[in-house]
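Reader: I'd like to go through the labels on this one and hear what stands behind each. Could you show it to me first?

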Amino acid sequence: AVIPTLPLYGKEVGLSAAASGIVVSTPAIAMFLLANWAGKNADKARKPAMIAGMAIIAASDFGTAVAPNLIFLLIARLGLGIGRAVSESGERGMLCDLASLVPELRGRALAAQQAVIALGIAIGAPLGGYVVEQYGVRASFLCVTAAALSAMVIYTFLDETVGKDVEREINGSSEVELSNEEETANWAKLLSDDQWRGLSLCQCGASFGFAAKIATIPVLAASILPGGAVGAGALLSAAGLSGLIGAPIGGWLTDRAGPRVSASLAGLVSASSLILVPVAMSPYLDLGTYDLAGGFNGSAAAFTALIIMWSIGASAQGPALTALAQELAPAGAEATAMALPRATGDGTYIVAPFILGLAADASAGVVPGAECAVAGTITLIGVIGLVLLSGLDNIGRVQPEAEA
C-alpha cells in the first residue's frame with residue numbers, strides 16, 4: 001500500500017530525489033546491522049521472532065503516520081527496519097523448514113510464497129494510491145499498520161518448527177525431538193566459499209532493482225502515466241500481478257534446471273528491462289504521439305511494458321536465490337546463514353536509493369529514466385558474478401560438500 005507513497009511524500013515536502021532516497025533506505029540500515037543477531041535468534045525459535053517483529057513493524061508504521069517532522073519520520077523508519085529484521089529472519093527460517101520436507105519441489109514451494117507476496121502488492125499498490133489521493137499520505141501508513149497487526153495475530157496460530165522434526169511429526173512418528181547439537185553459520189567462513197560470494201553479489205544487484213521500484217519508478221510513472229499517484233499505483237499493481245506469472249516460472253525452472261540457471265536467466269530479463277527504460281522515455285524517440293487510452297501514449301505503453309517485464313524477471317529470480325541459499329545453509333543454522341545474502345542486499349539498499357537519486361538529479365531533463373539504467377546495469381553485474389563465482393560446471397546443482 002505504501003510503495004507509491006514514500007517517494008511521492010518526499011517530493012511533496014520538497015526533498016530532492018537523493019534526500020528522498022535516504023528516507024526510503026533508512027529501514028535497510030537497521031536490517032543490515034541486526035541481520036546476524038536476528039538470524040541467530042530465529043534459529044532458536046521461529047514463531048516468537050515472527051510475532052515480535054511484526055508488532056514492531058505495526059508500531060513503526062503507526063509512528064510514520066503520525067511523525068511530526070523528518071527526524072521522527074527517520075526514527076520510525078529505523079523501527080520498521082528493526083521489526084523486519086526480526087520478523088523476516090523467523091519467516092525465512094520457517095519457510096526453509098517447510099520447504100525442506102519436499103526438496104524436489106523446493107522451487108515451486110518458494111514460488112507459491114513469492115506469488116502470494118506479489119498478489120499482496122497487486123492489491124495494496126492501487127489501494128495505497130487511492131488512499132493517498134483521497135485522504136493524504138499519512139492515511140496509507142495507518143492501513144499498513146492494521147495489516148501488520150492482522151499478520152501478527154495470524155502468526156500466533158502457526159506451529160513452531162524449531163525443536164522438532166516436522167517431517168516425522170507429519171508422518172505420525174513419536175520421535176520428534178531433534179538433537180541439541182546445532183551447526184553454526186559464521187558469515188566470514190561462508191564468504192570464503194565462492195558459492196556464497198556469488199549468491200551475495202547477485203542479491204546486491206537485485207537490490208538495486210528493488211530500490212528503483214521504491215525510490216524512482218513511482219515518480220517516473222506519476223510523470224508519464226495519466227492519473228498521477230493513482231497511475232503509479234496501478235502500474236505497481238500490474239507489476240505485482242505479473243509476479244504471479246514470474247514466480248511460478250522461476251519455481252518450475254529452479255526445480256527443473258537448478259537455482260543458478262533460473263536466477264541467471266531471470267536476472268538477465270530484469271536487468272535488460274531496466275536498462276531500456278531511458279530508451280522508452282527518450283524525447284528523441286517517437287513511439288507515437290497519439291493517445292492509446294486516456295493519455296496513455298506510446299512512451300507510456302513502452303515504459304509500462306518494461307516495468308512489467310522487470311517485475312516478471314525479478315519475481316522469477318526470487319525463488320531461485322532463496323532456494324540456493326536454503327540448499328547451501330548448514331542444518332541448525334538456516335536462518336543465520338540465509339540472513340547473509342539478505343544482509344548484503346540490505347547493505348546495498350542503504351546506498352542504492354541515494355545513488356539512484358543522484359543519477360536522477362544529474363540526468364533530470366536530459367536523460368529521463370537514467371537511474372533505471374544504472375540499476376539495471378548493476379543487476380547485470382550481479383548476474384555475471386553469480387555465474388562466474390559459481391562456475392559453469394556447478395550450474396543447476398548444489399555441491400553437497402558446500403557447507404559453512
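**What stands behind the labels**

Author: Let's start with a helix pair: helix α9 (residues 194-215) packs on helix α14 (residues 298-328) at an angle of about 150 degrees, and their axes are 11 Å apart. This is a predicted model, where local features need pLDDT of at least 70, side-chain atom pairs count only at pLDDT 80 or more, and totals for chains, interfaces and linings use all residues. Residues are numbered from 1 along each chain as its sequence is written, and side-chain values use heavy atoms, with hydrogens and water left out.

Reader: What makes something a helix here, and where do the axes come from?

Author: Helices are DSSP runs (H or I, at least four residues), numbered from the N terminus. Axes are lines fitted to C-alpha atoms, for helices over the stretch in contact, and angles run from 0 to 180 degrees between N-to-C directions.

Reader: Why are α9 and α14 called roughly antiparallel?

Author: The cut-offs are under 35 degrees for roughly parallel, over 145 for roughly antiparallel, 65 to 115 for roughly perpendicular, and oblique for the rest. The angle is about 150 degrees, so α9 and α14 count as roughly antiparallel.

Reader: Which residues of α9 make the contact with α14?

Author: Among them are Trp 196, Leu 199, Cys 202 and Phe 210 of α9, and they meet residues of α14 including Trp 310, Ala 314 and Leu 321. Contact means heavy atoms within 4.5 Å.

Reader: What about α12, how does its angle with α14 compare with the cut-off?

Author: Helix α12 (residues 259-275) packs on α14 at about 155 degrees, with the axes 7 Å apart. That angle makes α12 roughly antiparallel to α14 as well. Residues of α12 in this contact include Ala 263, Ala 266 and Gly 267, while Gly 313, Ala 314 and Ala 320 are among those of α14.

Reader: How do you know how many disulfides there are?

Author: A disulfide is a pair of cysteine sulfur atoms within 2.5 Å, and the structure holds zero of them. Take Cys 204: its nearest cysteine sulfur, that of Cys 202, is 9.3 Å away, and Cys 204 is in no disulfide.

Reader: Is Cys 372 buried or exposed, and why?

Author: Buried means under 20% relative accessible area, exposed over 50%, and partly exposed in between (1.4 Å probe, protein chains only). Cys 372 has 0% relative accessibility, so Cys 372 counts as buried.

Reader: And why does Ala 333 get its label?

Author: Ala 333 comes out at 3% relative accessibility, so Ala 333 counts as buried. Ala 333 sits in the loop between α14 and α15 (334-363). Its C-alpha is 8.8 Å from that of Gly 93, 240 residues apart along the chain.

Methods: Helix = DSSP H or I, 4+ residues; strand = E, 2+ residues; numbered from the N terminus.
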